[in-house]
Amino acid sequence: MMRLSWSQRIGVILVGLLVCLAIVGPMLSSQSPSSIEADRLLPPSASHWLGTNVIGQDIFSRLVHGARTTLFIGVMAAGISTVLSVALGLLAGYSKRLDPILNSLANMLLVLPSLLLILIVASFTGGGNWQLILTLGLLTWPGFMKLIRASILSLKEREFIKAAQLYQGKTGYILSRHLLPFIGPLVRTKFILSFRDAIAMEASLSFIGIGDPNTVSWGRMLQDAFSRTQTFMTNAWLWMIVPPAAAILLITVALALLGESKSTGNRFTAKLRRKASHAAAVNVVGTEDASAVIVQDVQVMYGAKTIVQPISFTVKQGGITSLVGESGSGKTTMARAIYGLVPQQSVEGTIKINGHDVYMQDEPSTMQRWVDAAYIFQDPRNSFNPIMTIGRQFYEAMKLQTTMEDKRAAAVAALVEVQLGEHVLTQYPHQLSGGMLSRALIALALVNKPKVLIADEPTGALDPIVKREVFDLLVRKVKEHRMALLLITHDLPAALHISDEIIVLQEGRRLSNEQQEQYLRQSKQLYPHTAE
Amino acid sequence: MSVLLQVENVTKHYAGSVKGQTIRAVDGVTFELEHNEIFACIGESGSGKSTLAELIVGLQQPTSGTLTWLDDARAPHMSKPTSQPQLVFQNPDRSMNPYWRIRDIVTEPMRLGGCPKRQAYAEAEQLLAKVKLSADLLGRYPHECSGGQKQRIAIARALSVSPKLLIADEITSALDPSTEAEILQLLLSLKQSEGMSILYITHRLETISGFADRVAVMKNGAILEMGETDSVLADPQSAYTIELLRAVQYS
C-alpha cells in the first residue's frame, strides 16, 4: 500500500478530473471541434459554453478534444521514454558487454541539444502527433537511463545477486525479479516527469506553429488565439486564451504535485516523561565525591520505548568499568547518554562526569567535551573527517593550548605516546592504516588530559593481532594517566581481563549479581579456548 | 573418510591498480575437503579466504590450478543443482532481496532448479524447521527479522538444494557472541543430520575449538598451517598462528 501525501492527493484529483474531461467531454459537446458553422467570436452562451473563436469554432468542443490529443501525446511519449530508459538502464548496468555501447549512445544523445533536434525533426516531418510522440520518446530517455544504470551498478554488487547467479538464475530473471523492484520509485518519477515535459513540449511546438493544423490541441488553441489580432480587440481573449492556458497550467502543476516524493523514514519522537519522584532524589550526590563518573537512577527512553531501565553505578578515578552486553542491549545508548549525546528529554536521572552535571534542567551543561571526558567511537575511519589533515583535527579539539606552537607541541607529544611520528599531523586519514588511525584516535582522546575516557568498542573494526596491540595500548595509557575508563564491548574475555568492575546489560536492564555470575560462567563455556 | 573436493595448487591473481602489478589473492592453495567434516579457514581481512570460497562455488575462475569434485552423485556439468556447493554470505542484509518475503527467499534456489512454486512453498516450512525457526516468519520481509534469524534463513536457503558442501563465509561476524554460539551449534547438528561438509571461514580463532574438525590458517593468499583443530590450537607451528592465538588469550 502506498500512502499519498496531501500534495500527491491533489495531483491525483486534478489529473483525474482532466482525464475525465478528455473522456466524457467530447460526448457532452454537440459541436464538432472543427466545424465553422457558428458566428465568429461569440461570448459564452447556452449553445456555446465557452464561446467561439475567430473563425467560429466552438471553444468548449475544441478544449475537450484538445485534451484527448494533449494527454495522448503525453502518455505515449512518456511511456516510450520510460520503457526505453528502464530497459536500457537495466541492461547497461547489469551487462558488462552492453554497457559501453549503450552508455556512449546515451552520452551522445545527452550532448545533442534536444530542443533543437525536436524542432528539426518536427519541422521536417510536418509535426503530426505520432512524429511528435516518437521524437520525444526516442530522444528523452538518456537522463534517467544513466540514473538507473548507476543504481544497478551498485545493486549488482550485493550478495543476493551473486546468490541468484549461483542458483543459475537467468539474466532476465535477475533483472525483472531482483532489480526491478528497487527502481520502481525512479520509474514512477520518470514517467510523471516525462509526461509533464511532453505536454509542455507539445504545447510549445504547436504554439510556434509546428504540427498538423487539422488536429486540435491546447497549444494549437493558444496559437490560434495569439496569431489573430482580433483576439485582443474585444473581450474575446477571455474565452479564447484563458481556458487552454489554464488547462495546460493545471495539468503541469498536477503532474508536478504527483511527482513530488514525500520524505519517508521513522523519526524517534522523544517525549518528555519526567516523574516528580526522580527530581527529588537528585541532590544526594555531592560534587566532592572521588568518583569520576556517577550514574544515578538513569533511564533512557525514546518516545514510549525504554532503551535503558533505571541503572546506577560509579566509575572511580583511575578505575576501569566495562559495560558488556549484546547488540541491542542498550550499552551504546548508555554510553552516549553519559557523554551527553542523547537528547535531554529522553534521559531521566542524574549523570555526573568529574563533578559536572551532564544534563541540566534549563541551562547547558558545564561538562566540557574533550576536557572533562573524551569519547572514542567504534570505527576510527568514521571518527576522522576524511578531507582534513589529522593535525587540523587535533588542533580543533585542543582546548587547553592557545598558541599554534603550544598546540603543535602537545599534539606531537600525544602522538609520541601512542608510538606515532610527527609526520602523521600532515597526513589525511586515508593515508593511515586502521591500526594507525586507532592509535591517532587514542592520542586525540589523550591530548586534553581528560579525567574520563569512554570507549565504545574501540577495537571493533581491527584485525585480531592489531586489535590486541591497540587494546593493550589503550589500557596502558589509561593507567598511566590515571583516567577513569568506561569500556563498552562485547568481547567478554578482554573485559574480564582488564576491568575492576563489569556491568552486564541485557535488554536495557542490569543483571543482578547472581544472574551476572551465571552469565559469565556460561560465556566461559562458549569459548573454552580463551578462558585459560 | 572419503574425499569430497580436491583443491590443487589453486591461484587467483588480479591485475593491480598500477600497471604490471598483480595481486595474488589466492596463491597456490592445496587441500582436500572430506565428506561430512567441518573445515575451518582462518585469516585476517585480505588473506584470500573469501576469494577461495568464491572459487570453490564457481563465482570466479582460478588463474591456475584445479578444483576436482570426487563426489559420485554430482553430475559433471552441474545440470542438476542438487549437489552444487552452497555459499552463505557474511552480511544477511546484502544477501537477501529486501523486497522479497522470506518464503520467496528461502525457496529461490528450488524454484530456479525447476521445482514448481506450490511444491517449493510447501517445503519452505520444513526448511525453516531445519534451522529451528517458526513458520510464522515465512510471510515476513527480511527487515522484520533479527540478525540471527536472517542468518538462519540464509542457511535454510542453502539447505533447500541439499548441498554436499556448505560454505559459510564469516557468517557470524555481524552477530553477538551468544547468537554466534547458537549458529555454530546449529551448523554442528546440521552436519550430522544432513550429512554434509562445511567450509567455515572466519577471522575469529577463538570460535572454532570444539566445532571444526580441521583448520587451515591463511595469510597473504597461502595456507601457513593446516591440521586437526585441537592439535593446531594446542601446538601451533607457524609464528603467525602463535601470534593469532596470543592475541585472543588473556592470562
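**Entry 1. Chain A, surface and overall form**

I began with the surface of chain A, which exposes about 25,900 Å², with carbon and sulfur atoms supplying 58% of it. Accessible areas here come from the Shrake-Rupley method with a 1.4 Å probe, and for residues only the protein chains shown count as cover.

I noted how to read the entries: this is a predicted model, local features need pLDDT of at least 70, side-chain atom pairs count only at pLDDT 80 or more, and totals for chains, interfaces and linings use all residues. Residues are numbered from 1 along each chain as its sequence is written, chains are lettered from A and ligands numbered from 1 in the order in which they are written, and side-chain values use heavy atoms, with hydrogens and water left out.

I looked up the secondary structure of chain A and found 19 helices and 10 strands. Helices (H or I, at least four residues) and strands (E, at least two) are DSSP runs, numbered from the N terminus. Chain A has a radius of gyration of 35 Å, well over the 24 Å that the globule rule gives for 532 residues, so chain A is more spread out than a compact globule. The radius is taken over C-alpha atoms, and the globule rule is 2.2 Å times the number of residues to the power 0.38. Along the principal axes, the C-alpha trace of chain A spans about 100 × 60 × 55 Å.

I then checked burial and found that 50% of the 532 residues of chain A count as buried. Buried means under 20% relative accessible area, exposed over 50%, and partly exposed in between (1.4 Å probe, protein chains only). Of the contacts in chain A between residues at least 6 apart in sequence, 71% join residues at least 24 apart. Contact means heavy atoms within 4.5 Å.

I also looked up the charges: chain A has 49 positive and 39 negative ones, and their mean positions are 6 Å apart. Lys and Arg count as positive and Asp and Glu as negative, while His and the chain ends are not counted. The place of a charge is NZ of Lys, CZ of Arg, CG of Asp or CD of Glu.

Chain B has 8 helices and 9 strands. Its radius of gyration is 18 Å, close to the 18 Å that the globule rule gives for 251 residues, so chain B is as compact as a globular protein of that length. The box around its C-alpha atoms is roughly 55 × 45 × 45 Å along the principal axes.

I found that 55% of the 251 residues in chain B are buried. The accessible surface of chain B is about 10,600 Å², and 47% of that belongs to carbon and sulfur atoms. The 24 positive and 29 negative charges of chain B have mean positions 8 Å apart.

In chain A I looked at helix 7 (residues 159–166), which is mostly covered, with 6 of its 8 residues buried. Among the buried ones are Phe160(A), Ile161(A) and Leu166(A). Gln168(A) follows this helix and has a positive phi, near 65°.

In chain B I looked at helix 1 (residues 49–57), also mostly covered, with 8 of its 9 residues buried. The buried residues include Lys49(B) and Glu54(B). Just after helix 1 of chain B, Gly58(B) has a positive phi of about 95°.

**Entry 2. Aromatic pairs**

How many aromatic pairs does the structure hold over all chains? I found 9. Rings of Phe, Tyr and Trp (its six-membered ring) pair if their centres lie within 6.5 Å; planes under 30 degrees apart count as stacked, over 60 as edge-to-face and the rest as tilted.

One of the pairs is Phe182(A) with Tyr99(B), edge-to-face at 4.8 Å centre to centre and 80° between the planes. Phe182(A) lies in helix 8 (residues 171–207) of chain A and Tyr99(B) in the loop between helix 2 (92–95) and helix 3 (102–112) of chain B, so the pair joins two chains. Phe182(A) is buried at 17% relative accessible area, and Tyr99(B) is partly exposed at 42%.

I also noted Tyr375(A) with Phe377(A), a tilted pair at 4.5 Å centre to centre and 35° between the planes. Tyr375(A) is buried at 4% relative accessibility, whereas Phe377(A) is partly exposed at 34%. Ring pairs also link Phe160(A), Phe182(A) and Tyr99(B) into a cluster.

**Entry 3. One buried glutamine**

Last I looked up Gln151(B), which lies in helix 5 (residues 147–159) of chain B. Gln151(B) counts as buried because its relative accessibility is 0%. Beyond its neighbours within four places in sequence, its contacts include Val88(B), Phe89(B), Pro92(B) and Leu175(B).
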